[in-house]
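The stops below go from the whole chain to single side chains.

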Amino acid sequence: MKYLLWLLKAAIFFTLFAFALNNQQDATVYFFFGTQWTAPAVLIVLTAFALGVAVGVLGMVPRWWRHRSAARRAHQALPHPAAPTAAPTAASAAASPAAADPALPQPPIHGI
């Protein structure tokens with residue numbers, strides 16, 4: 001599996017490398033007000049991809065902040081134990097089943 005993953009990464013790299021070698025000719029991007037940018041086509045494609053990723057991440061930031069603050073509020077609303085207590089020993093739990101923590105599932109008491 002490790003070699004298959006390595007082979008997949010190598011195939012992706014060589015495909016992108018061949019794409020870059022085949023698109024070395026200059027291309028011109030025309031902006032507003034007569035401005036233009038002339039660069040190799042592969043650089044223009046890479047820049048457009050990077051800008052798209054950046055816009056997507058920036059579009060997700062407000063939602064991430066809302067989810068983080070909601071998770072923080074939910075975590076703070078959970079009851080926290082006041083002080084850690086010593087764990088009951090098996091002998092004390094067997095002697096007094098009522099002393100065991102009621103939130104934990106209790107084994108059946110049938111005398112065997």
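The model is a predicted one. With a surface drawn, the chain exposes about 10,300 Å², and carbon and sulfur atoms supply 72% of that area.

Switch to a cartoon. Three helices and two strands make up the secondary structure, and their order along the sequence is α-β-β-α-α. Among contacts with a separation of 6 or more, 3% join residues 24 or more positions apart.

Next, select residues 2-22, which are helix H1. How many aromatic pairs does a search of the whole structure find? There are two. Show the side chains of Phe-13 and Phe-14: the ring centres are 5.3 Å apart and the planes stand at 70°, so this pair is edge-to-face. Phe-14 is exposed, at 53% relative accessibility. Phe-13 and Phe-17 are four residues apart in helix H1, about one turn of the helix. Phe-17 is partly exposed, at 43%. The ring pairs link Phe-13, Phe-14 and Phe-17 into a cluster.

Then select Phe-31, Trp-37, Leu-43, Leu-46, Phe-49, Val-53, Val-57, Met-60 and Trp-64. Together they form a nonpolar surface patch with about 860 Å² of accessible area. Which element gives the most to this patch? Helix H2, residues 41-77, does, with seven residues. Finish on Val-53, which sits in helix H2 and is partly exposed at 41% relative accessibility.

Definitions and conventions
Residues are numbered from 1 along each chain as its sequence is written. This is a predicted model: local features need pLDDT of at least 70, side-chain atom pairs count only at pLDDT 80 or more; totals for chains, interfaces and linings use all residues. Side-chain values use heavy atoms; hydrogens and water are left out. Contact means heavy atoms within 4.5 Å. Accessible areas come from the Shrake-Rupley method with a 1.4 Å probe; for residues, only the protein chains shown count as cover. Patches are made of residues with over 30% relative accessible area and no salt bridge: like charges are joined within 9 Å, nonpolar side chains (Val, Leu, Ile, Met, Phe, Trp, Tyr) within 5 Å. A salt bridge is a side-chain nitrogen of Lys or Arg within 4 Å of a carboxyl oxygen of Asp or Glu. Buried means under 20% relative accessible area, exposed over 50%, partly exposed in between (1.4 Å probe, protein chains only). Rings of Phe, Tyr and Trp (its six-membered ring) pair if their centres lie within 6.5 Å; planes under 30 degrees apart count as stacked, over 60 as edge-to-face and the rest as tilted.
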